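Hi there,

Here is the structure I promised to pass on.

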Amino acid sequence: MLQTDTYQMNIAVTGLNATDNPGPGVPVIRSLRSAPEFSGRIIGLSYDSLDPGIYMENIADKSYLIPYPSSGLEPLFERIAYIHSKEKLDVIVPTLDSELYGFIKLSERLRSLGIHTFLPTFDQLNLRAKDKLFDFCTVHKFKVPKNILVSSLQDLHNIPNQFNYPVVVKGIFYDAYIAHNFNDAHAAFDKLRLKWGLPIIIQEHVTGDEFNVVALGDGSGASIGAVPMRKLYITDKGKGWAGVTVDDKALISLAADIVKALKWQSGLELEFIKSKETNEYFLLEINPRFPAWVHLATGAGQNLPYALVKLARGEQMPQFRAYTIGTIFIRYSWDYITTMKEFEKLVVAGEK
């Protein structure tokens with residue numbers, strides 16, 4: 001039987017790193033806590049004892065270290081089963097790309113414990129993968145920069161046969177660099193190969209303003225909500241450090257069409273660039289989880305993380321129809337002061 005909105009939910013959230021390339025965990029938790037009807041505990045799941053979200057006030061009621069995805073499924077399942085025995089988890093919200101395959105594989109076993117998730121299927125996840133995006137967009141007639149996959153240094157020598165420099169050199173999971181010549185491309189190839197493996201993606205460089213959309217699909221093809229944002233400040237890592245919600249029906253329509261084409265089930269982020277030459281939107285990436293700026297959508301009137309939790313519990317969610325245009329986020333950093341005693345709790349016991 002479904003629970004009411006006053007149910008005391010215990011929600012576990014991953015991705016508590018809050019560095020200059022922050023994970024979505026902390027803003028997801030802030031959104032959950034800002035829901036007026038939310039009543040329960042937040043459990044932080046971290047891979048590193050120095051993740052700032054572990055120590056920040058009013059974020060996680062309790063935090064646990066969990067094994068890295070590379071450790072395999074059984075250690076992760078056993079760790080979550082232990083955490084569940086103490087915390088009685090109702091929902092887990094994974095927020096990092098690299099852990100999604102593992103959590104999808106474990107979703108049925110987690111459900112047998114009484115833990116709900118709201119995740120895409122393997123097919124949905126693979127369709128939007130960076131090395132499959134061009135084919136997906138071609139089939140569904142979404143505009144996308146041309147790209148090729150390279151797996152060797154020899155492949156890089158073929159770039160001039162396919163593109164004019166500059167080009168964008170992208171890792172299979174994360175990170176991207178703009179290469180203005182062969183030497184730049186070679187350096188980026190080596191960095192990305194060592195960090196994320198092969199293949200590497202070489203993408204046509206489209207100039208223009210960057211726009212992102214955060215959305216939530218219900219798995220049937222419907223979009224529960226979507227909020228577009230224009231980046232106002234971009235770091236040297238290409239991350240948005242400030243942004244503003246915009247009134248753009250074309251972006252909303254594109255987001256709905258993409259969610260429908262994927263029948264996406266979960267949160268996602270769509271990255272676009274608006275060409276200076278043609279004024280058209282080109283889809284750069286589909287990230288399979290909420291972005292680190294998702295709390296902007298909550299501030300603009302669409303609490304998508306809380307809606308995801310309700311969907312995970314089997315509740316029906318009406319579509320959000322509006323958001324506040326002109327809502328701005330400005331990211332900042334500070335030095336959080338804590339004690340060695342608190343740090344040692346994580347290092348020694350794996351929980352605090």
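Before the rest, a word on the model. It is predicted, so local features need pLDDT of at least 70 and side-chain atom pairs count only at pLDDT 80 or more, while totals for chains, interfaces and linings use all residues. Residues are numbered from 1 along each chain as its sequence is written, and side-chain values use heavy atoms, with hydrogens and water left out.

Back to Glu351, which sits in the segment after helix 13 (340-349). Helices (H or I, at least four residues) and strands (E, at least two) are DSSP runs, numbered from the N terminus. The Glu351 side chain makes a polar contact with the side chain of Tyr82 at 2.9 Å; that term means a pair of N or O atoms within 3.5 Å, and within protein one must be able to donate a hydrogen and the other to accept it, with residues adjacent in sequence counting only if both atoms are side-chain atoms. Leaving aside neighbours within four places in sequence, Glu351 is in contact (heavy atoms within 4.5 Å) with residues including Lys62, Tyr82 and Lys86.

Next, the strands. Two strands pair if DSSP finds at least two bridges between them. Strand 1 (residues 8-14) has 6 of its 7 residues buried, and 7 bridges join strand 1 in parallel to strand 2 (residues 39-46). In that pair, Asn10 stands opposite Arg41.

There is also an open sheet of 4 strands in the order 5-8-6-7, with antiparallel pairing. Strand 5 (147-150) and strand 7 (176-179) each have a single partner strand, so one side of each is left without a neighbour in the sheet. Within this sheet, strand 6 (residues 167-170) and strand 8 (residues 200-204) pair over 4 bridges, and Val168 stands opposite Gln203.

A few backbone details are worth a look on screen. Most residues other than glycine have a negative phi, and most peptide bonds are trans. A cis peptide bond joins Tyr165 and Pro166, with omega about 5 degrees; Pro166 lies in the loop between helix 8 (159-162) and strand 6. Another cis bond joins Leu198 and Pro199, with omega about 0 degrees, and Pro199 is in the loop between helix 9 (182-196) and strand 8. Asp175 is not a glycine, yet has a positive phi of about 70 degrees. Asp175 is in the loop between strand 6 and strand 7, and counts as partly exposed at 24% relative accessibility.

Ser266, in strand 12, has a positive phi of about 140 degrees and is buried, with a relative accessible area of 7%. Ser266 is also one of the residues that Gly217 touches, along with others including Phe118 and Trp264. Gly217 itself is in strand 9 (residues 208-218) and is buried at 0% relative accessibility. The C-alpha atoms of Gly217 and Lys260, 43 residues apart along the chain, are separated by 8.1 Å.

Enjoy exploring the model, and write back with any questions.

Best wishes

Technical notes:
Buried < 20%, exposed > 50% of the residue type's maximum accessible area, 1.4 Å probe, protein only.
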